[in-house]
Amino acid sequence: MLQISLWKRVVIWAVVAAGLILALPNLFYGRVEVHNDALAAIEAQGGVATPEQEADAGFWPSFLPSGIVNLGLDLRGGAHLLAEVHVEDVYADRLDGMWPEVRNALRAERATVGTIRRQDSAPDELRVRIGEPAGIDRAVSVARDLSRPIVSLTGVGASDIEVSAEGSDVVIRLSEAERAATDARTVQQSLEIIRRRVDEVGTREPTIQRQGEDRILIQVPGIGSAEELKGLIGTTARLTFQSVVGRTTDPESRPGAGNVLMPSLDEQGTYYIVEDAVVVSGEELTDAQPAFDQNGRPAVNFRFNPQGARKFGEYTAENIGSPFGIILDGEVISAPVIQSHIPGGSGIITGNFSVEGSTELAVLLRAGALPAGMTFLEERTIGPELGQDSIDAGKVASLVAFAGVLVFMALSYGLFGLIANVALIINVGLIFGLLSLIGATLTLPGIAGIVLTIGMAVDANVLVFERIKEELKRAKGPARAIELGYEKALSAILDANVTTFITAAILFVMGSGPVRGFSVTLGLGILTSVFTAIFVTRLMIVIWFERRRPKALEV
């Protein structure tokens with residue numbers, strides 16, 4: 001018998017209703033986007049939107065879903081950058097960090113090696129001269145004992161340094177395996193920090209991926225220009241807290257041994273003499289938020305992790321009344337005098353900030369410091385006008401495909417074709433509902449996937465209707481012909497769509513960028529097409545049959 005139980009009918013219509021409600025915000029894309037951005041701005045300031053603020057944010061009711069399909073760079077416009085990471089910069093930092101360890105190890109052998117003095121050298125080597133040339137072999141052996149095994153897939157069993165002797169000099173260089181591992185770590189760390197900085201701004205679905213050995217591709221939809229994006233990600237943002245020895249207006253003054261001369265960020269012509277040793281580094285920050293100081297001026301609140309809090313607390317307890325330099329990328333942004341012991345590991349950075357400046361600094365500090373500098377090899381700004389042209393072209397293509405399929409089905413299968421057309425409209429709505437639910441990004445290839453889905457969506461209905469025709473030719477009754485049509489066409493429908501879905505899954509896993517965008521819409525389109533063909537059209541035909549009870553069918 002041609003029957004569908006009540007609970008199945010309720011589930012089918014509930015799924016359809018849920019999908020269409022999720023897709024509904026996309027009909028009012030611009031207004032809903034303004035509504036979401038307004039609420040996001042409130043949350044970014046650490047607040048929770050009140051019902052009044054939600055009402056002021058836009059017309060969209062709070063009880064309805066507000067998720068919309070994110071538009072990709074080719075549709076929305078935005079910025080495109082290709083950056084090259086200066087991986088060589090990390091070699092020098094790594095070797096500089098080894099110097100105290102090498103010095104302490106050689107000091108224990110001073111009776112053999114004599115005096116120890118670091119020499120000027122190339123950035124990729126550490127050169128140490130000893131006072132007793134006869135002890136060079138012992139010095140090399142001691143330095144070589146400081147090597148560590150490399151933890152990487154490409155350098156298993158290899159040492160991280162190579163030590164050699166050149167006259168009275170011990171020369172330490174990074175091994176080739178360590179350089180390769182360092183390069184990979186540097187690019188990966190840069191990639192993650194760029195992603196955090198871009199995500200902090202709240203942009204939708206950026207594309208940030210590695211290209212080649214030392215390059216990173218960055219595409220951010222919705223951002224104003226490539227220069228704006230460069231300003232956000234191009235700052236190293238290395239924060240340190242160091243002791244201030246004094247200040248001067250002479251840029252040529254000699255700071256003395258163990259000190260460095262640094263300019264003031266907001267006091268033109270002022271320079272600070274700062275101890276080279278870092279008390280606490282920005283890596284020990286756990287949070288940074290824009291705020292206002294006691295005078296109502298923009299500032300940045302910060303908080304250290306337990307290790308940083310301990311260092312900060314001990315230093316402030318021992319140096320009450322002394323200035324303390326807060327240094328960003330080699331410039332002193334603030335040098336407050338320590339008034340009392342600060343045990344909590346939190347504080348405030350004040351300076352000549354604007355509200356935008358304090359917000360940007362907080363973003364950079366939360367994201368962390370870039371491990372190396374970058375050169376931007378390629379930069380493009382894609383205007384929203386080009387994106388709108390692409391959207392318009394996609395709409396035309398979709399409407400033409402949609403209209404063609406609707407006309408074909410109506411002419412070929414009559415009433416059953418009209419039912420299939422209704423299911424096709426539901427199918428497109430379900431696709432957009434799922435895209436909104438998962439927060440997918442729609443690109444031009446994604447639109448191509450939707451257009452392809454529109455053409456493929458009626459395939460299952462065609463199989464069912466042709467099977468019903470065959471059963472009617474065998475003198476089966478209308479009810480039995482419909483039932484057998486769906487039963488016998490089911491295996492062919494599943495086989496055809498499962499193979500296509502596997503292809504879409506492979507494209508998603510193995511592909512990237514435009515290929516993934518195409519595979520997402522194609523895969524979701526297959527799922528919704530099977531659902532509407534097997535359940536929705538069948539339910540509509542059953543409801544029609546129960547009401548009309550036709551003695552014969554014309555398919």
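My entries follow, starting with the ground rules.

**Ground rules.** This is a predicted model, where local features need pLDDT of at least 70, side-chain atom pairs count only at pLDDT 80 or more, and totals for chains, interfaces and linings use all residues. Residues are numbered from 1 along each chain as its sequence is written, and side-chain values use heavy atoms, leaving out hydrogens and water.

**The sheet.** I looked up an open sheet of three strands, ordered β12-β13-β16 with antiparallel pairing. Strands (E, at least two residues) and helices (H or I, at least four) are DSSP runs, numbered from the N terminus; two strands pair if DSSP finds at least two bridges between them. β12 (285-292) and β16 (346-350) are at the edges with a single partner strand each, so one side of each has no neighbour in the sheet. I then checked β12 against β13 (residues 298-304): seven bridges join them. In one of these strands, β13, phenylalanine 304 is the bridge partner of leucine 285.

**The helix pair.** Next I turned to α14 (residues 459-473) and α15 (residues 478-510), which pack at about 135° with axes 8 Å apart. Axes are lines fitted to C-alpha atoms, for helices over the stretch in contact, and angles run from 0 to 180 degrees between N-to-C directions. Contact means heavy atoms within 4.5 Å. Among the contact residues I noted Leu463 and Ile468 of α14, and Ala481 and Tyr486 of α15.
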